[in-house]
Structures are given as structure tokens and as C-alpha cells.
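Here is a short report for a reader meeting this structure for the first time. Please look over the sequence and the model before reading on.

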Amino acid sequence: MSISRPASAELAATPARPITFPLDTPPTSGEIIEVAPGILWARLALPFRLNHVNIFLIEDGDGYAAVDTGIADERTKEAWQALLAGPLKGKRLTRLIVTHHHPDHIGLAGWLCSQFDIPLLTSQTGFLACNNISLSPNALGADAFRAFYRAHGMDQQTAEMVSTQGNYYLRMVTPLPLTFFRLVAGEKLKIGARVFDILSGDGHAPEQIMLYDASAKLLLAADQVLARITPNVSVWAVEPDGDPLGLYTRSLRAIAASLPEDTYVLPGHELPFYGLHTRIAEILAHHEERCELILSAVRERAMTVADLVPVLFPRQLDPHQMSFAFSETHAHVNLLIHRENLVQEQDADGISRLVLARR
Ligand SMILES: [Zn+2]
């Protein structure tokens with residue numbers, strides 16, 4: 001976000017508007033729903049537990065600017081072609097806006113841009129982050145990164161999985177175009193008759209782009225605020241002391257402080273909704289509860305990040321879920337270290353355990 005003032009006071013003072021969903025049924029495959037004048041909503045399938053990503057098409061002269069892409073597989077390419085041959089027949093894509101570098105949002109960017117000869121618009125960090133992984137997919141397998149996970153108590157199998165995630169990413173992303181148009185927070189972007197404020201937020205993905213049309217009070221929120229699920233916020237080995245959850249909560253407060261509570265939110269997953277401030281307050285409370293759980297557990301005994309995973313995720317996890325749960329737990333731990341509630345102590349074997357900070 002371009003505006004960053006602490007908003008706890010504003011949050012508390014705002015009368016809560018409940019979360020409501022103006023549309024209760026999402027578009028089916030090949031279908032398009034107009035969610036606001038000149039803004040179309042479609043869905044693409046994902047082969048994950050979260051089984052879809054929303055894409056939006058914004059009227060832009062004689063065509064539509066597309067927002068996000070789905071992952072790079074045949075099914076998604078066919079879905080795009082079906083949309084253009086079906087509900088979008090006679091219209092062209094004018095440009096592609098990508099909100100962040102996760103595969104479900106950027107996966108087909110290279111293909112769409114070359115197939116339809118359109119420019120890519122995204123944040124500098126989104127562009128570089130995608131290229132960084134794509135050009136060096138084995139980097140996460142470096143010994144130093146494995147050692148980081150092992151030092152925080154991660155088991156061998158999960159450490160192996162996390163270390164090869166770059167290759168997994170590569171299978172879901174087509175190579176990006178060589179050039180892009182940089183979207184910068186604080187600037188404006190004109191699309192057709194609408195003028196959007198460009199916002200960016202960190203925590204879920206660095207410099208994730210959101211677009212806000214102030215005259216319509218309409219926010220394309222990407223994954224920063226979702227109605228029911230909380231977006232993944234993770235510490236990665238490349239930035240071991242990073243505080244993505246601190247960045248994320250700061251971004252949420254800035255959104256609540258600067259956007260009205262009757263903003264219509266068009267998110268990257270699930271249904272469009274009203275109740276932005278209520279949802280932000282819920283997400284902030286959710287993360288505070290998790291921080292409290294960690295502090296109570298560490299009050300009993302010193303614990304590694306791995307020891308803390310079942311405190312936050314009591315159910316049985318497969319290695320894939322474990323890698324996300326681990327990194328998400330780590331994000332809470334690093335927030336508590338930044339707040340000086342926890343400190344890290346290393347034993348003779350190099351294992352890091354968390355203890356309460358002495359006051
Ligand atoms: Zn994402």
C-alpha cells in the first residue's frame with residue numbers, strides 16, 4: 001500500500017458491516033458474470049485443494065484487459081480459448097495485468113502475452129520474483145537452505161520437498177515475456193472508462209498489486225483479502241529473519257485505513273464480497289490468536305518451529321501441507337521475535353529453539 005498509517009484506532013471506530021456476498025454462485029467453466037459495469041468475472045480450475053482462481057476482465061476500448069491467468073497447463077489454455085470463442089467472441093484482449101508471482105496468477109502470462117500479442121503489466125517484484133525462480137529453479141536446494149529448515153526442526157522428507165519447490169513452480173509457469181510495464185503503488189492506471197489507484201501489499205507475496213476504483217468503490221484485491229480463507233503468509237529460507245506476517249498485517253491495516261467499508265471486493269479466490277473492514281479485523285484477530293497459542297506453548301518449554309506446527313495445525317498433514325504449515329508457523333514465530341516476545345536459542349547440534357524473551 002502506498003498509504004501506511006497504523007489503523008487500529010480507525011478499525012475500532014468503524015461500525016462493522018457484516019460480510020455479504022452479492023452473488024452466491026460463481027461462474028461455471030466457460031461462463032462469465034458481469035460483476036460491475038464493464039467488469040467480467042470468470043473462473044479457472046486449479047489442481048489443488050483450493051480448486052479455482054478468479055480472473056477478471058475489464059472493458060478497455062474495443063477489448064478487455066485481463067487480470068491474472070491461471071496455471072500453465074492444457075486445461076487452462078483451453079479454458080481461455082473457450083472464453084474468447086464463447087462469451088468474449090468478437091472482443092480482443094488488450095493487455096494482461098498480473099497481481100503477483102504465484103503460479104495460479106502468473107502461470108500463463110508468457111503464453112497469453114505471446115498468443116494474443118499483448119503487454120504484461122505487473123509489479124517489478126512480481127516480474128523479478130517469477131524470473132528468479134524460473135531461471136534458477138534449483139536454488140532452493142542449496143545446502144544452506146536445507147540446513148535452515150533442518151535447524152528449525154523440519155524432518156528430512158519435508159526438507160527435501162521444500163528444497164525442490166522451484167522445479168514444481170517451473171512446471172506451472174510459462175516463461176515470461178522479456179519486457180513488462182511496471183505497475184507502481186501510488187500511481188494511477190486508466191483502463192477504458194475507469195481510473196484505478198494502484199495499490200501494493202506485502203506478506204502473501206512481495207509487492208502484490210491491487211487496483212482500486214475510487215469512484216465505484218471497487219477493489220480488485222488479488223489474494224490480500226479473501227472472504228473465508230486466510231492467504232498463506234510464509235517465511236522462506238532465502239530471507240530467514242524476514243517478517244512477512246508483520247508486513248501483511250501492516251498492509252491490511254493500511255487498506256482498512258484508506259478504503260471505505262462499503263468497498264466492493266473482487267478477490268483472487270472465492271466470492272466477491274462486502275464487509276472489507278470486518279474481514280480485515282477477522283484476519284488480524286485470527287493471526288493474534290495464533291500468536292497467543294505459540295506464546296502459551298513456549299511458556300511450557302522451549303520449542304522449535306517444527307514443534308510448534310501441531311500447535312497451530314493439529315490435524316494430520318501430508319508433506320505438501322506440512323511445508324506450507326511449517327513456513328506459516330515460522331511467519332508467526334518471526335513476528336513474535338520482531339515484537340521481542342520470543343528469542344531464539346541454538347543448542348550444540350545447531351537446532352534453534354524458541355523461548356520467551358526476558359523482560
Ligand atoms: Zn497468491
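## A helix and its cover

The buried residues of α11 are covered by elements that include α10 (276–300), α12 (319–338) and β14 (352–356). This is a predicted model. Which residues of helix α11 (residues 305–312) are buried? They are Val305, Leu308, Val309 and Leu312. These residues span an arc of only 125° around the axis, so they sit on the same side of α11. An α-helix has 3.6 residues a turn, so residues three or four places apart point the same way. At the start of α11, a side-chain oxygen of threonine 304 comes within 3.3 Å of the backbone nitrogen of alanine 306.

## The zinc site

Four residues coordinate the zinc ion, at 2.1 to 2.4 Å.

| Residue | Donor atom |
|---|---|
| His100 | NE2 |
| His102 | ND1 |
| His204 | NE2 |
| Asp223 | OD |

Along the chain, the donors follow the spacing H-x1-H-x101-H-x18-D. Histidine 204 lies in the loop between β9 (194–201) and β10 (208–213). Aspartate 223 lies in the loop between β11 (218–222) and α9 (244–258). This pair, 19 residues apart, links distant parts of the chain. Both histidine 204 and aspartate 223 are buried. The angles among the four donor atoms run from 89 to 175°, and the site is irregular.

## Glycine 192

Glycine 192 lies in the loop between β8 (188–191) and β9. Its relative accessibility is 24%, so glycine 192 counts as partly exposed. Leaving aside neighbours within four places in sequence, glycine 192 is in contact with Glu59, Asp60 and Gly61. Glycine 192 and valine 35 are 157 residues apart in sequence. In space, their C-alpha atoms are 16 Å apart.

Conventions: Residues are numbered from 1 along each chain as its sequence is written. This is a predicted model: local features need pLDDT of at least 70, side-chain atom pairs count only at pLDDT 80 or more; totals for chains, interfaces and linings use all residues. Side-chain values use heavy atoms; hydrogens and water are left out. Donors are N, O and S atoms within 2.8 Å of the metal (3.2 Å for Na, K and Ca); water is not among the atoms, so sites may look incomplete. Four donors count as tetrahedral if all angles lie between 85 and 135 degrees; four count as square planar and six as octahedral if opposite donors are over 155 degrees apart and all others between 65 and 115; anything else is irregular. Helices (H or I, at least four residues) and strands (E, at least two) are DSSP runs, numbered from the N terminus. Buried means under 20% relative accessible area, exposed over 50%, partly exposed in between (1.4 Å probe, protein chains only). Contact means heavy atoms within 4.5 Å. The arc is that of the directions from the helix axis to the C-beta atoms. A polar contact is a pair of N or O atoms within 3.5 Å; within protein, one must be able to donate a hydrogen and the other to accept it, and residues adjacent in sequence count only if both atoms are side-chain atoms.
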